[in-house]
Amino acid sequence: ILIAIAAISFLFYYLDPSRVVSSLGVRNTYLFTFLFAIVGGVSSLTATSFYTALFALALGGANPFWLAAFSAPGVLVGDLLFWYAGQKGQELARLVFGRSLTRFSSWLSKKPPWFVPIVVYLYTGLTILPGDFLMLALALMGFPLKKIILPTLLGNYTLTLLVSFGGIYGLTFARSIF
């Protein structure tokens, strides 16, 4: 997986994004995005490569709405892996992440149940913080998975759409300044 991530990062660094999109083909670009989102969504270590690739694909001419539609479920898979790991390995999660995870879980568990999905959406959709921590915290709380899937998916869609549009309009804005 690390070799694949390094190869993809190298590819996007040295090749023009429009050339990558045309080489993959439009349909394959969205399939690639979904598969890479699964790998990129598994850890905060791989997320940087995924968001860089998403940025480049948007610059290369891929439709930002379709990029977000295909990448959001892939990132969700990575998020769910951490939720599952938190469910099965609560003691290990507490040991690795320590007091910050326990404090966040405790704070969130004191909030009304309707508040948690809002926090999930805002966290996954409007911050660049890794979803690993949030999913582990929710698992430690024993929060039901069925109540966080939709807000997580919508949050992932929002963030990937913002990154995609950031690739297109951010470059245009930067060029206008310089």
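Leu-57 is buried, since its relative accessible area is 1%, and buried here means under 20% relative accessible area, whereas exposed means over 50% and partly exposed lies in between (1.4 Å probe, protein chains only). Leu-57 has its place in helix α4, which covers residues 44-59, and helices (H or I, at least four residues) and strands (E, at least two) are DSSP runs numbered from the N terminus. The C-alpha atom of Leu-57 is separated by 7.8 Å from that of Thr-29, although the two residues are 28 residues apart along the chain. The model is predicted, and for that reason local features need pLDDT of at least 70 and side-chain atom pairs count only at pLDDT 80 or more, while totals for chains, interfaces and linings use all residues. Residues are numbered from 1 along each chain as its sequence is written, and side-chain values use heavy atoms, with hydrogens and water left out.

**The protein as a whole**

- Of the 178 residues in the protein, 40% are buried.
- Among the contacts in the protein with a separation of 6 or more, 81% are between residues 24 or more positions apart, where contact means heavy atoms within 4.5 Å.
- The protein exposes about 10000 Å², and carbon and sulfur atoms supply 71% of it; accessible areas come from the Shrake-Rupley method with a 1.4 Å probe, and for residues only the protein chains shown count as cover.

- The buried residues of α8 are Gly-131, Asp-132, Leu-134, Met-135, Leu-136, Ala-137, Leu-138, Ala-139 and Leu-140.
- Just after α8, Gly-142 takes a positive phi of about 80°.

**Helix α7 against helix α8**

- Helix α7 (residues 115-126) packs with helix α8 (residues 131-141) at an angle of about 165°, and their axes are 10 Å apart; axes are lines fitted to C-alpha atoms, for helices over the stretch in contact, and angles run from 0 to 180 degrees between N-to-C directions.
- That angle makes α7 roughly antiparallel to α8, given that angles under 35 degrees count as roughly parallel, over 145 as roughly antiparallel, 65 to 115 as roughly perpendicular and the rest as oblique.
- The crossing in which α7 passes α8 is left-handed, a term used if the near helix is turned anticlockwise from the far one by less than a right angle, with right-handed used if clockwise.
- On the α7 side, Val-116, Val-120, Tyr-123 and Thr-124 meet Gly-131, Phe-133, Leu-134, Leu-138 and Met-141 in α8.
- The residues of this contact of α7 with α8 divide into seven nonpolar, two polar and no charged, where Ala, Val, Leu, Ile, Met, Phe, Trp, Tyr, Cys and Pro count as nonpolar, Asp, Glu, Lys and Arg as charged, and the others, Gly among them, as polar.

**Helix α5 against helix α8**

- Helix α5 (residues 64-88) packs with α8 at an angle of about 40°, with their axes 8 Å apart, and α5 and α8 are therefore oblique to each other.
- The crossing in which α5 passes α8 is right-handed.
- Asp-79, Phe-82, Trp-83, Ala-85, Gly-86 and Gln-87 in α5 meet residues of α8, including Gly-131, Asp-132, Met-135 and Leu-136.
- In the contact of α5 with α8, the residues divide into eight nonpolar, three polar and two charged.

**Two further buried residues**

- Gly-74 lies in helix α5 and counts as buried at 0% relative accessibility.
- Gly-74 touches Phe-34, Ala-37 and Ile-38, not counting residues up to four places away in sequence, and, C-alpha to C-alpha, Gly-74 and Val-39 are 7.9 Å apart in space while 35 residues apart in sequence.
- Asn-156 has its place in helix α9 (residues 149-177) and counts as buried at 5% relative accessibility.
- Leaving out residues up to four places away in sequence, Asn-156 touches Ala-72, Val-75, Leu-76, Asp-79 and Thr-124.
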